[in-house]
Amino acid sequence: MALFSSLTPVFIALLCVVVVFILKRFQKKESESDTSPNCTVKSRPWVDEDLKDDTEINTKEEDGDWAESEEDVPHVSYTTTRYPADVMLQRSQEFYALLNQRRSVRFISPEPVPREVIDNVIRTAGTSPSGAHTEPWTFVVVADAEMKHKIREIVEEEEEINYRQRMGDKWVGDLQRLRTNWIKEYLDIAPYLILIFKQTYGIHASGKKKTHYYNEISVSIACGILLAALQNVGLVTVTSTPLNCGPQLRLLLRRPANEKLLMLLPVGYPASDATVPQLTRKSLDDIMVCV
């Protein structure tokens, strides 16, 4: 009994070591299974990590870098034009007909476009709603030929890697019928390039950070309004989300660290020999559900 009692602490210590060893082995196997090829979560090398919406919904109060909530905003009365039913129907049909003509055009004329028109379409995009009215967008308009060419070089270098490595055979195959590739001549030719950056956070007048809620959704809505505004004035574009180009373009354009590239739009008149794929849109029954 005395011998057993003296060995008990040693036995317990050995038992603890064995238990810890078994737990570590189990955790290692779980970790390996999560990263194994048979795991249901597949690697997606084509995902642009720079585009993740990193909104801080619950900013820690103890973090002194964030600004406090602003004072209440006064409310004012609001009215808008109310149309008779027949006029509403006519206007809805005309607006649909206008936007139904919108196409992604990759053949853009170098013909100059009045700068005031570009200013106005961006003003229109700036009317977009945003989370807590933070307006988390920056529209960078590039007209300088040298800067446009530098942007093209960055985009084409990364896009070639995307097509050859990142996107995969299926994605590249799906794009073949649209005759697209990594060559982006329109980035040199278009009179304007509009690069839309989302602001992941703002800077308060005090210098502290300001939370921009739902920044990516807000800026995406603004992009949609911008496309409608361009169509309204007879200009064309092609929506471009240059995968993995954001950091380089941000540095080239000297944008701050809180801004991340969301979309790039070459803007101008369609070239005289412009062509587009002969595509059809889904019917109303395919895109709408009435409950």
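L265 is buried, with a relative accessible area of 0% (buried is under 20%, exposed over 50%, partly exposed in between; 1.4 Å probe, protein chains only). L265 sits in strand β5, residues 259-267 (strands are DSSP E runs of at least two residues, helices H or I runs of at least four, numbered from the N terminus). Beyond four places in sequence, the contacts of L265 include Y192, L193, I194, L226, L230 and V238 (contact means heavy atoms within 4.5 Å). A190 is 75 residues from L265 in sequence, with a C-alpha to C-alpha separation of 9.5 Å.

The model is predicted: local features need pLDDT of at least 70 and side-chain atom pairs 80 or more, while totals for chains, interfaces and linings use all residues. Residues are numbered from 1 along each chain as its sequence is written, and side-chain values use heavy atoms, without hydrogens and water.

| Residue | Phi | Loop |
|---|---|---|
| Y214 | about 50° | between β4 (209-211) and α7 |
| R254 | about 55° | between α8 (246-252) and β5 |

R254 counts as exposed, at 75% relative accessibility. I217 belongs to helix α7, residues 215-232.

K209 lies over the face of Y201, 5.0 Å from the ring centre (the criterion is NZ of Lys or CZ of Arg within 6 Å of the ring centre and within 35 degrees of the ring normal).
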